Amino acid sequence: MELVIIAAAIMLGLGALGAAVGMGLLGGKLIEATARQPELGPMLQGKMFLLAGLIDAVPIIGVGIAMYLIFVVAPGVGA
Amino acid sequence: MAGENPASTTEYIQHHLQNLVYGNHPDTGWGFAHSSQEAVDMGFWAIHVDSMAWSIGLGSLFCLMFLRAAKKAHTGVPSGWLNFVELIVEFIDGQVKDSFHGRNKMVAPLALTIFVWIFLMNLMDLLPVDLIPSLLALTGVHFQKVVPSTDPNVTLGMALAVFILMVYYSFKIKGTGFVKELTMHPFNHWAFIPINLFMETVGLLAKPFSLGLRLFGNMYAGEMIFILIATMFAAGAGAGLVSGGLHAQLFGEETSALFWLVIFVLVVGVCWLNLKGKVSTGKTVLLCMAFMAIGGGVFALGGGLMQWSWAVFHILVITLQAFIFMVLTVVYLSMAHEDH
């Protein structure tokens with residue numbers, strides 16, 4: 001049963017890692033592009049939010065499943 | 001509701017994740033399920049009454065409110081509700097013009113409906129998790145999930161509707177070109193038809209699945225975190241200190257989270273009055289301490305603050321997810337309209 005906790009930790013950690021790299025790239029490129037062509041700023045920002053939502057979905061689903069594993073599948077482990 | 005031991009916390013969470021199911025039970029016949037097991041026994045032909053009622057109710061609310069604005073629409077300067085509706089309609093119109101290049105009168109209204117409807121369904125997530133279920137429990141309804149988009153049946157159902165539209169317009173606009181796209185696309189040679197067909201079908205089917213599961217996953221995770229924070233309120237009752245014993249004496253062992261919500265509102269209200277200069281600081285501290293002693297120590301305050309901060313963050317998520325569902329629907333329909 002302790003392995004469930006490890007599974008949840010891996011799920012949360014790797015999900016957050018990937019999403020963080022993705023968000024970093026996305027935000028960096030947005031600022032780069034806006035600095036180069038400020039008049040495209042609003043349009044790029046809209047697209048950035050769309051992609052941020054797509055990236056955000058994967059780790060947040062991971063968080064949901066991890067929480068379910070910790071608190072419902074294996075409650076009270078180590079307590 | 002939930003006590004301090006893990007078993008009843010689990011029960012509390014599972015209770016919150018159980019829909020109100022109406023179906024034909026093999027032993028008891030047609031009726032509402034009284035437990036999760038009964039709901040499972042009802043099999044395929046059972047209906048989630050709460051999801052249906054909330055989603056249809058919110059859909060009709062959207063239609064009525066927007067119809068009212070549409071009837072009053074005029075060429076002058078809009079005000080109030082009409083102004084707000086015009087803002088949303090223009091926003092959606094701009095998005096559809098940006099990403100949809102075919103000619104179809106149905107896409108923009110569809111996008112508007114999807115956006116506002118999903119937003120309203122997601123908005124139910126911001127209500128305190130126990131508010132409606134505990135009110136309905138008083139009237140004898142024991143299971144209630146108020147957020148329809150945390151039910152995969154609802155989100156996948158919407159994605160299925162989008163998928164049917166995609167296939168319909170692909171055939172209508174492209175005709176045999178759609179068949180050609182499915183069979184001849186990555187490798188343009190007759191020998192590769194089975195491989196092409198397999199790859200294109202997987203690609204086609206992945207679209208509605210990712211569309212529905214993305215919305216479901218986001219809302220489910222958000223709801224799960226709200227529920228987990230809500231279990232903290234109950235942890236307050238078991239925390240001992242002044243509250244544990246006093247609390248149990250005053251209100252009994254079982255108290256709903258609604259009670260802690262009231263305490264939280266009282267504490268915030270007193271602090272707010274202090275900021276406005278209507279209550280002195282000494283009285284504020286005394287009143288807050290009294291409320292918290294009754295309500296279960298710091299847990300009530302901490303839990304309330306966490307609920308509130310997660311709700312603030314969640315406003316972004318619910319809007320973004322409604323927006324993404326809408327944009328992807330438009331993009332998929334736009335792909336169905338591209339004639340080569």
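Reply: What follows goes through the salt bridges one by one and sets each partner in its surroundings.

This is a predicted model, in which local features need pLDDT of at least 70 and side-chain atom pairs count only at pLDDT 80 or more, whereas totals for chains, interfaces and linings use all residues. Residues are numbered from 1 along each chain as its sequence is written, chains are lettered from A in the order in which they are written, and side-chain values use heavy atoms, with hydrogens and water left out.

Side chains of opposite charge can pair when their charged atoms come close. Over all chains, the structure holds 2 salt bridges, a salt bridge being a side-chain nitrogen of Lys or Arg within 4 Å of a carboxyl oxygen of Asp or Glu.

One of them joins B:K97 to B:D93, with the closest N and O atoms 3.2 Å apart. These two residues are 4 residues apart in helix 4 (residues 80-99) of chain B, so that about one helical turn separates B:K97 from B:D93; helices here are DSSP runs of H or I with at least four residues, numbered from the N terminus. B:K97 is exposed, at a relative accessible area of 62%, while B:D93 is partly exposed at 32%, where buried means under 20% relative accessible area, exposed over 50%, and partly exposed in between (1.4 Å probe, protein chains only).

In the salt bridge between B:K174 and B:E181, the N to O distance is 3.2 Å. Here B:K174 is buried, with 10% relative accessibility, and B:E181 is partly exposed, with a relative accessible area of 22%.
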